[in-house]
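Subject: Handing over the structure

Hi there,

Here is the structure I promised to pass on to you. Please have it open while you read, and my notes on what was found follow below.

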Amino acid sequence: MFQARKAGMPRSERGEALRPIVMDYLAKAWRQPDEGIWEVRGGRQLFVHSKVMAWVAFDRAATESEGTESGRRWREIADEIHAEVCERGFDRELNSFVQAYGSKRLDAGALVIPLVGFLPASDPRLRGTLRAIEDRLLIDQEFVLRYEPENLGDGLPPGEGAFLACSFLLINNYILQGRYAEARKLFDRLLARCNDVGLLAEEIDPLTGRMLGNFPQAYSHIGLINCALGLSRQTGPAEERAESQAPPSMVASAAIVR
């Protein structure tokens, strides 16, 4: 709904009636464990990505309703979630945000944190997270795994392909950190993975280069489009989303990469 307002779509009576229902539910649900963005089958956990996205909902709703009683309540909840994630979702020993509270596992879902404005890309905790993901989830400087392959608690057989959406998230992080040459290099490598009609699957086998999973996969193509815009416009989708909440001084500078 927040993005719709930014795009100039008019408010609707149905939308305005729906917002408090959704937010009242989320005010209770955000504290509960869930299956996370990857829907792992190893039992519910307090996933960091889920908490961050709950923060997004309250942050945007508070911004939309600034100055109202509801807006103040939603801002309080957003601040509470933010403080909790920074305290319980960040591992000081690893110098990285982790998959779930109390976990030592890394998760590519953490790459969303700067893209939604939860923290600026320049934050030392995010720089540490990016280094950790590069060290432990990045294969051949191209493929980003969803999480560490030795994750025995996901209820799945060992071994899987690399989710292309995660590699595109990495590119957007490079863009926000001003690492444009690395972003463009990785983008070109992924673009070369498209088939003869320009389509991508959900995953790629890092060993053979064979496409795996759902085909074609919308998330892969959305990631490709967002990165293309980020590399060709002064302000791309990653900057637009991050800038929607972060003060100008906190937002990484953008540049046109041709």
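A word on naming before anything else: helices and strands here are DSSP runs, numbered from the N terminus, and a strand needs at least two residues. By that rule residues 96-97 make up strand β2, and Ser-96 belongs to it. Please also keep in mind that this is a predicted model.

Let me stay with Ser-96 for a moment. Is Ser-96 buried or exposed? Ser-96 counts as buried, because its relative accessibility is 0% and the cut-off for buried is under 20%.

Next to look at is the backbone. Asn-95 sits in the loop between β1 (90-91) and β2, and its phi is near 55°, a positive value in a residue other than glycine. With a relative accessible area of 32%, Asn-95 is partly exposed. Asp-140 also has a phi near 55°, again positive in a residue that is not glycine. You will find Asp-140 in the loop between β3 and β4, and at 51% relative accessibility it counts as exposed. One more backbone feature is the cis peptide bond from Phe-215 to Pro-216, with omega near -15°. Pro-216 is part of the loop between β7 (211-212) and α8 (218-232).

Now to the salt bridges. How many does a search of the whole structure find? The search gives 18 salt bridges, and three of them are worth a visit in the viewer.

Arg-11 and Glu-64 meet through their side chains, at 3.7 Å from N to O. Arg-11 is in the loop between α1 and α2 while Glu-64 is in helix α3, so this pair ties together parts that lie 53 residues apart in sequence. Arg-11 is partly exposed, with a relative accessible area of 47%. The pair also belongs to a network: salt bridges with shared partners join Arg-11, Glu-16, Arg-19 and Glu-64.

Glu-134 and Arg-179 form another salt bridge, at 2.8 Å from N to O. Glu-134 comes from helix α5 (residues 124-136) and Arg-179 from the loop between α6 (164-176) and α7 (180-191), so the parts they tie together are 45 residues apart in sequence. Glu-134 is buried, with a relative accessible area of 17%, whereas Arg-179 is partly exposed at 21%.

In the salt bridge between Arg-193 and Glu-142, the closest N and O atoms are 3.0 Å apart. This pair links distant parts of the chain, 51 residues apart: Arg-193 is in the loop between α7 and β6 (203-204), and Glu-142 is in the loop between β3 (138-139) and β4 (143-144). Arg-193 counts as partly exposed at 29% relative accessibility, but Glu-142 is buried at 2%.

Leu-18 is a residue of helix α2, and it is partly exposed, with a relative accessible area of 42%.

Which element gives the largest share? That is α3, with four residues. By class, the pocket lining has seven nonpolar, one polar and three charged residues.

As for cavities, a search of the whole structure finds three of 30 Å³ or more. The second largest cavity holds about 50 Å³ of space. Among the residues lining this cavity are Glu-35, Trp-38, Phe-47, His-49, Gln-99 and Asp-107. Its lining divides into five nonpolar, three polar and two charged residues.

Happy exploring, and do write back with any questions.

Best wishes

Methods
Residues numbered from 1 in each chain as written. Predicted model: local features only at pLDDT ≥ 70, side-chain atom pairs only at ≥ 80, totals over all residues. Heavy atoms only, no water. Nonpolar A, V, L, I, M, F, W, Y, C, P; charged D, E, K, R; others polar. Buried < 20%, exposed > 50% of the residue type's maximum accessible area, 1.4 Å probe, protein only. 1 Å grid on protein atoms, 1.4 Å probe; cavity = no way out; pocket = protein on both sides within 12 Å on 5 of 7 lines; lining within 4 Å. Points joined across faces, edges and corners; volume = space filled by probe spheres on them. Salt bridge = Lys/Arg side-chain N within 4 Å of Asp/Glu carboxyl O.
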